[in-house]
Every structure is written in structure tokens, then in C-alpha cells.
Amino acid sequence: MRVNQPYFKQKIKFNDRLVTIGSCFSQTIGIYMRQNKFDVHVNPFGTVYNPISIFRLLQYSIGKGELPANGFVQNGEVHHHFDFHSDLSALSKAQLHTSILEQIDATQQFLKTARWLIITFGTSIVYKLKSTGEVVANCHKVPQQQFNREFLSVDTIAEAFNDLYNNLTASNPKLNIIVTVSPVRHVKDGLEGNAYSKSILRVTCQELSNSYDGIHYFPSYEIMMDDLRDYRFYGSDLIHPNQVAEDYIWEIFKKSFVSENDQSILQQWDKLRKALEHRPRHPETEAYKFFLKDTLDRLEKMNEYLNLRDEIDRVKSLL
């Protein structure tokens, strides 16, 4: 038995702007969308797993809430901030502060005109600093005894989301939101802890999609756990989906949120993208020049639907 492919009346269009944020799936789906020429801002703050931290980053990105000065922490020579992934780090506090503000500003500009926001929840387990009681996005190797480990409740997550949703819709009334649960297992908390954590997230997503217009649930977690339950669909760590699984989930996502006409365009683009990856043994041959001219002609025709100026310029430079 397979997960039913969800159907959504509202569709993602090529000229729509999108922002992805959260756990690994947001990174993965964002990269797939970028490869397929969607205008997408992919996981701007790095991988963030728990809902409270995700919501806080989004609040920063719409001008709500100030970056707490006591969140900066130094680990050896590297500076981090508790609200951000270690991807955002620097060799000085001032440099890190500047980088964070630049990323917040870039995300704010994107969110103002975005039509879609994709949020992936990874875990409902959070770590709170004992000194402040604040949830952190990343412990940055600070000793564990400085944190309390807790499970978030559905009500806690829903309440925090309500505050965010009101601010988001005030900032951008046309924004649609896709929520999903990461298909990646968090085995360091044990399989029992992972199952309990994911169940909280799944119930939360159902509550949110039932309670708000413009919020859609995509079942990436169920697809991985049921459609792709065999370990041959996992990477060598037996935790993360492999390329076959990611392709499969992308296909269902595409069929759920992209119109049939635009899916046809994406199929044509996929063939062209693979043609562009071709590296000839003898680029000076007439056969390769013919291939380039044919590819250029196809690119220029498709440029009516997708922004392919970079690809067109690259092929012209080879002729």
C-alpha cells in the first residue's frame, strides 16, 4: 500500500519566489527546485531542526525580534550563535554579527515577495540553556550540563506558530506555507525517542493545516517510512534518504504542487539539463558543433518559460 499522492488546488508557478527553511528536507527540496529553475532561497540559516528555532529565525526575517547579544558563543577560535547553525560562523564576533544580519536582510527581502514558504520540522526535542531558559538551535559543542533537554508539546509549537503566522501574513498576505516532517531519523535519541518526537511533529502539522488557510501538509515522512521503507532507499548511514529516495519524493512533490503543463516543461528541461552536462572527447568536431546549435535552439525556445539566459550564454561561448 502506498501513500496517496496529495492534491493541492494552488500550484507553484515558475515565476513564484520560494523560501525553504528547517531540517535537511528543506535543503534537499530547495536544491531540486533551484535545479529546475525556480526562484528559491534555500535554507538561508543552515539546517535547523526544532520548530521554535525555525519560527524565531522567520520572526527575525520579517523584522520581529532582535538578535540576542547573549547568544554569541566562542568555541576555540570560532564564533557561533545559539540561534544559528554552525554554517554561520566566523573568526570574530563582529564578523559573525555582520554575516548574520546580512543573511537576515537577504531573507527578509525574499520573504516580502515570496509566494511560498516550505518549512520542514526535524525534531520536537529541544535543548534549553539553563542560564536563560531559551531554546537553542545548535549547542555548538557547549558542555551538555549547561542545557536542559525537553520534548516540545503540540500546544507549545502551535502557539508559537500562531504568533509567527500573524506576523507573516501581515508582512505578506499572499504567502502560502507548506509544512512537512523530515524523513531523516534522529537516532541519537533512540528509535523510541525519534518515534515520539516525529509523532508530535506530525500531529502539529495536521493541526496547523486544519486551522489555517494557505497551509498545506506534504507527507515526505510517510513516503519515506511507508513507500520507501526498505533500507536500500537509505544512504550508508541508514539514516538519510539516498539519491533514489530523494528523486522519488521530488517526483511526488512535483506532481502535487506543479501543474501538468508546467510538469511537461520540467520534463523537457530535465533532458536539456542532462544534454548540457555532456562533455565531448573531441569538441572541435562538426558533430559536436551541430549538437551545440541544436541545444541552443532548444534553450532559446524554452527560455520563454524558464530563465535560461546563463545556459544560453554558456552554449554561445562554445560555438
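Leaving aside its neighbours within four places in sequence, which residues is aspartate 83 in contact with? In this predicted model, residues are numbered from 1 along each chain as its sequence is written, and side-chain values use heavy atoms, with hydrogens and water left out. Local features need pLDDT of at least 70 and side-chain atom pairs count only at pLDDT 80 or more, whereas totals for chains, interfaces and linings use all residues.

Aspartate 83 is found in the loop between strand E4 (78-81) and helix H3 (93-113), where helices (H or I, at least four residues) and strands (E, at least two) are DSSP runs numbered from the N terminus. Once the neighbours within four places are set aside, the residues in contact with aspartate 83 are Arg56, Leu57, Tyr60, Pro68, Val135 and Ala137, contact being defined as heavy atoms within 4.5 Å. With tyrosine 60 there is a polar contact between the two side chains, at 2.6 Å; such a contact is a pair of N or O atoms within 3.5 Å, of which, within protein, one must be able to donate a hydrogen and the other to accept it, and residues adjacent in sequence count only if both atoms are side-chain atoms. Aspartate 83 counts as buried because its relative accessibility is 6%, the classes being buried under 20% relative accessible area, exposed over 50% and partly exposed in between (1.4 Å probe, protein chains only).

Strand E9 (residues 176-181) is mostly covered, with 6 of its 6 residues buried. In a regular strand the side chains alternate between the two faces of the sheet. Accordingly, Asn176, Ile178 and Thr180 point one way from E9, while Ile177, Val179 and Val181 point the other way. E9 pairs in the parallel sense with strand E5 (residues 116-121) over 6 bridges, two strands being paired if DSSP finds at least two bridges between them, and valine 181 of E9 is the bridge partner of phenylalanine 121. E9 also pairs in the parallel sense with strand E10 (residues 215-217), over 3 bridges, and isoleucine 177 has isoleucine 215 in E10 as its bridge partner. Between E9 and E10 the chain crosses through helix H5 (residues 190-211) in a right-handed β-α-β crossover; right-handed here means that, with the strands pointing away from the viewer, the path from the first strand over the helix to the second runs clockwise.

Helix H6 (residues 220-227) is likewise mostly covered, with 7 of its 8 residues buried, and its buried residues pack against H1, E9, H5, E10 and helix H7 (243-257).

A separate open sheet is formed by 3 strands in the order E7-E6-E8, with antiparallel pairing. Strand E7 (135-136) and strand E8 (147-151) stand at the edges, each with a single partner strand, so one side of each is left without a neighbour in the sheet. Strand E6 (residues 125-129) is joined to E8 by 5 bridges, and lysine 128 stands opposite asparagine 148 in E8.

Across the whole structure, 20 aromatic pairs are found, meaning rings of Phe, Tyr and Trp (its six-membered ring) with centres within 6.5 Å, where planes under 30 degrees apart count as stacked, over 60 as edge-to-face and the rest as tilted. One of these is the tilted pair of phenylalanine 14 and phenylalanine 38, at 5.3 Å centre to centre and 35° between the planes.
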